[in-house]
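Subject: Structure handover

Dear colleague,

Here is the structure we spoke of handing over. The notes on it follow below.

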Amino acid sequence: MPNPTHIQGVAIAALADQFGTPLYIYDGEKITNQVKILQQAFSAVPLKIKYATKALSNINILKLIRKAGAGVDAVSIEEVKLCMLAGYSAREIMYTPSGVGFDEIKEAVELGIMINLDSLPLMEEFGKTYGNAIPSCIRINPHIMAGGNFKISVGHKESKFGISIEQLPEILELVKKYKLKIEGLHIHTGSDILDAEVFLKGGNVLFEAALQFPDLKFLDFGGGFKVAYKPNDIATDVMEVGKKVGEAFQDFCSNYGRQLELWLEPGKFLVSEAGYLLVKANVVKETPSVTFVGVDSGLNHLIRPMMYDAYHSVYNLSNPEGKKNKYNVVGYICETDTIASHRELTEVKAGDLLVIKNAGAYGYSMASNYNSRLRPAEVLIWEGRALLIRKRENFEDLIRNQEILDF
Ligand SMILES: *Cc1c(COP(=O)(O)O)cnc(C)c1O
């Protein structure tokens, strides 16, 4: 994985001058290429990509992904509305809630959005309210432990997500009771899943359950493709997954008696590598044991290292050829806030620009105002031009909703 100085011919350092730091930068070409790669990998089946909006939800990114031919999966009513604002039609959006209130479900149904039912009580309420009038999908928990880290494993037996596959009889009872029109079955086992075997295992759970649902139009395999974060990291071989899962899927369809659509919900895979968080070194602090580089960002802007022990490559854009030293790259937040530990970087001086890679997915979308810090600007590189797609926050933004009382 190269350490770019330019994205589509645009110098990253010039972006720091133009927009300031910290700055989120997205390579739009990379995003649309990733969509193409998935489309190719699954070209043997009728594929629908439903981008997991939560990974990176800037409206312009959503628009770009739509132009590339994908739909979306939303996990909140607000994401549903963002997607509609970005131009997605109701039928291009799937809403996969997780224990939300029924008001929100109703609101989504009124907007014409398909709901991915994630609990027996929700199925009951949905059935009571809509009967067979509104088609829906069911999120199955397949009881598969997979994913890069326990926090991002969501398909195992004790996970809160979906309806346990062991409760299939109860599911079927509710379907019968309310004549529910189930058009899709869904699983999502977690994030950073490497092996085609895990997708196949999930697929087999879906295939077996699916035979009990006569109205299906699609099976949704969720997201979770692993991307390379470290040098020499292996990423999911999507060509292999596409081939193996595609074949198994086609076999299933002939067994089922009808050609269904295969849905995927990639988040990370589409946007992770396309994103860079550009920061500036405020201070280089030597201690008897460690040399710290303190940068003008932190877990308020990129929480993955602290939240998931995630590894993000970092490089010194300002001194690419210098001699190497070991550093701990840390944020400016009053909290242990390590972005990279014991990392070899070319010598860093205060004022140098550092680039944090793989910052596209779950970067800005998980950013906060912790420590009353402002969120960065976002820039999209598209057709060789740098486009501001979100302004940097200012102090006004921070106090906008606070009622300042006369004490
Ligand atoms: C988060 C999520 C995804 C995307 O996961 P990635 O690891 O980013 O691919 C897909 N489907 C659902 C339901 C999700 O919650």
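I start with asparagine 232, which is exposed because its relative accessible area is 80%; buried means under 20%, exposed over 50% and partly exposed in between, with a 1.4 Å probe and protein chains only. Asparagine 232 has a positive phi of about 65 degrees although it is not a glycine. It sits in the loop between strand 11 and helix 9. Helices (H or I, at least four residues) and strands (E, at least two) are DSSP runs, numbered from the N terminus.

The model is a predicted one: local features need pLDDT of at least 70, side-chain atom pairs count only at pLDDT 80 or more, and totals for chains, interfaces and linings use all residues. Residues are numbered from 1 along each chain as its sequence is written, and side-chain values use heavy atoms, with hydrogens and water left out.

Other backbone points

Most residues other than glycine have a negative phi, and most peptide bonds are trans. Tyrosine 362 is another non-glycine residue with a positive phi, of about 60 degrees. It is found in the loop between strand 18 (353-356) and strand 19, and it counts as buried because its relative accessibility is 12%. The peptide bond from threonine 21 to proline 22 is cis, with omega near -10 degrees. Proline 22 belongs to the loop between helix 1 (12-19) and strand 3 (23-27).

Overall

The protein has 12 helices and 20 strands. The C-alpha trace spans about 65 × 60 × 40 Å along the principal axes.

Of the 407 residues, 54% count as buried. The accessible surface comes to about 18,300 Å², and 50% of it belongs to carbon and sulfur atoms; areas come from the Shrake-Rupley method with a 1.4 Å probe, and for residues only the protein chains shown count as cover. Among contacts (heavy atoms within 4.5 Å) with a separation of 6 or more, 68% are between residues 24 or more positions apart.

Charges and salt bridges

Lys and Arg count as positive and Asp and Glu as negative, while His and the chain ends are not counted. The place of a charge is NZ of Lys, CZ of Arg, CG of Asp or CD of Glu. The mean positions of the 44 positive and 49 negative charges are 2 Å apart.

Side chains of opposite charge can pair when their charged atoms come close. A salt bridge here is a side-chain nitrogen of Lys or Arg within 4 Å of a carboxyl oxygen of Asp or Glu, and by this rule the count comes to 14. I describe some of them.

Lysine 217 and glutamate 183 form a salt bridge at 3.3 Å, N to O. This pair links distant parts of the chain, 34 residues apart: lysine 217 is in the loop between helix 8 (196-210) and strand 11 (218-220), and glutamate 183 is in strand 10 (residues 182-186). Glutamate 183 is buried at 7% relative accessible area, whereas lysine 217 is partly exposed at 46%. A network of salt bridges links Lys181, Glu183 and Lys217.

The salt bridge between glutamate 378 and arginine 390 has an N to O distance of 2.6 Å. It too links distant parts of the chain, from glutamate 378 in strand 19 (residues 377-382) to arginine 390 in strand 20 (residues 385-390), 12 residues apart. Glutamate 378 is buried, with a relative accessible area of 0%; arginine 390 is partly exposed at 33%.

Lysine 243 and glutamate 247 meet in a salt bridge at 3.4 Å, N to O. Both are in helix 9 (residues 238-256), four residues apart, about one turn of the helix. Lysine 243 is exposed at 54% relative accessible area, and glutamate 247 is partly exposed at 47%.

A buried charge without a partner

Aspartate 73, in strand 5 (residues 71-74), is buried yet has no salt bridge. The nearest side chain of opposite charge is that of lysine 54, 6.3 Å away. Beyond its neighbours within four places in sequence, the contacts of aspartate 73 include Lys50, Tyr51, Met94, Thr96 and Glu265.

Regards
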